Amino acid sequence: MRFIPIYLGVFICLAVGFAGSLLQSDALRTWYPFLEKSVLTPPGAVFGGVWTLLYILMGVSIGLVWMRKAPGYKALAGLFALQLAVNFLWSVAFFFFRSPWAGMAAISALVPLIILYAARSHAHNRLSAWLFLPYILWVAFAWYLNLYVALHN
């Protein structure tokens, strides 16, 4: 029973990721393969595995915050929900609407939100903050990839 917040956090994050992937499927077949992309763009198969791992780490992070229930944890959970919503909106903007520039707007908002969450979660649970480091690094890399696509297509 003690780990229910972690399981719930992981489930919610994976569900959001799955919903985003459903919105991407058509564009991944008919649009994205034909875009000019950076030579640093990983193979398509890498993205699913990386995002699955990141959603698990994100879910554990918020679960640890929720378990501790230190002062301000509800505000931190709200910040987490906001960054997760913006994460989802990036998929909608970039893939569903096939708009690299709208994707840039979303991902440019996402980067500071996830850094802010990591910084604030550190006071609640240091591990929670560290679990966000791979996510921050990946989204920063994704920001570059998105910018490249926006500029070259």
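Student: Which residues does Tyr117 touch, not counting residues up to four places away in sequence?
Tutor: This is a predicted model. In it, Tyr117 touches Ser61, Ile62, Val65, Leu76, Leu79, Phe80, Ser128 and Phe132.

Student: And which residues have the most contacts inside the largest nonpolar core?
Tutor: Tyr117 is one of them, together with Met58, Phe80, Phe132 and Tyr135. That core has 37 residues. At least two residues each are supplied by helix 1 (4-30), helix 2, helix 3, helix 4 and helix 6. Helix 3 gives the largest share, ten residues.

Student: What lies apart from that core?
Tutor: Another core, of five residues, which include Ile6, Leu57, Leu64 and Leu131.

Student: Back to helix 4. Which of its residues are buried?
Tutor: The buried residues are Pro100, Gly103, Met104, Ala106, Ile107, Leu110, Leu113, Ile114, Tyr117, Ala118 and Ser121.

Student: What do they pack against?
Tutor: They pack against helix 2 (44-68), helix 3 (73-96), helix 5 (126-130) and helix 6.

Student: How does the span of helix 4 agree with what 22 residues should give?
Tutor: Helix 4 covers residues 100-121, and at 1.5 Å a residue it should span 32 Å. The C-alpha atoms at its ends are 31 Å apart, which agrees.

Student: Now Asn146. Is it buried or exposed?
Tutor: Asn146 has a relative accessible area of 2%. Buried means under 20%, so Asn146 counts as buried.

Student: Where does it sit, and what is it in contact with?
Tutor: Asn146 lies in helix 6, residues 133-152. Leaving aside neighbours within four places in sequence, Asn146 is in contact with Trp90, Phe94, Pro100, Gly103, Met104 and Ile107. Pro100, Gly103, Met104 and Ile107 are among the buried residues of helix 4.

Student: Turning to the whole protein, how many helices and strands are there?
Tutor: There are six helices and zero strands.

Terms used
Residues are numbered from 1 along each chain as its sequence is written. This is a predicted model: local features need pLDDT of at least 70, side-chain atom pairs count only at pLDDT 80 or more; totals for chains, interfaces and linings use all residues. Side-chain values use heavy atoms; hydrogens and water are left out. Helices (H or I, at least four residues) and strands (E, at least two) are DSSP runs, numbered from the N terminus. Buried means under 20% relative accessible area, exposed over 50%, partly exposed in between (1.4 Å probe, protein chains only). Contact means heavy atoms within 4.5 Å. The expected span of a helix is 1.5 Å times one less than its number of residues. A nonpolar core is a set of buried Ala, Val, Leu, Ile, Met, Phe, Trp, Tyr and Cys residues joined through side-chain atoms within 4.5 Å.
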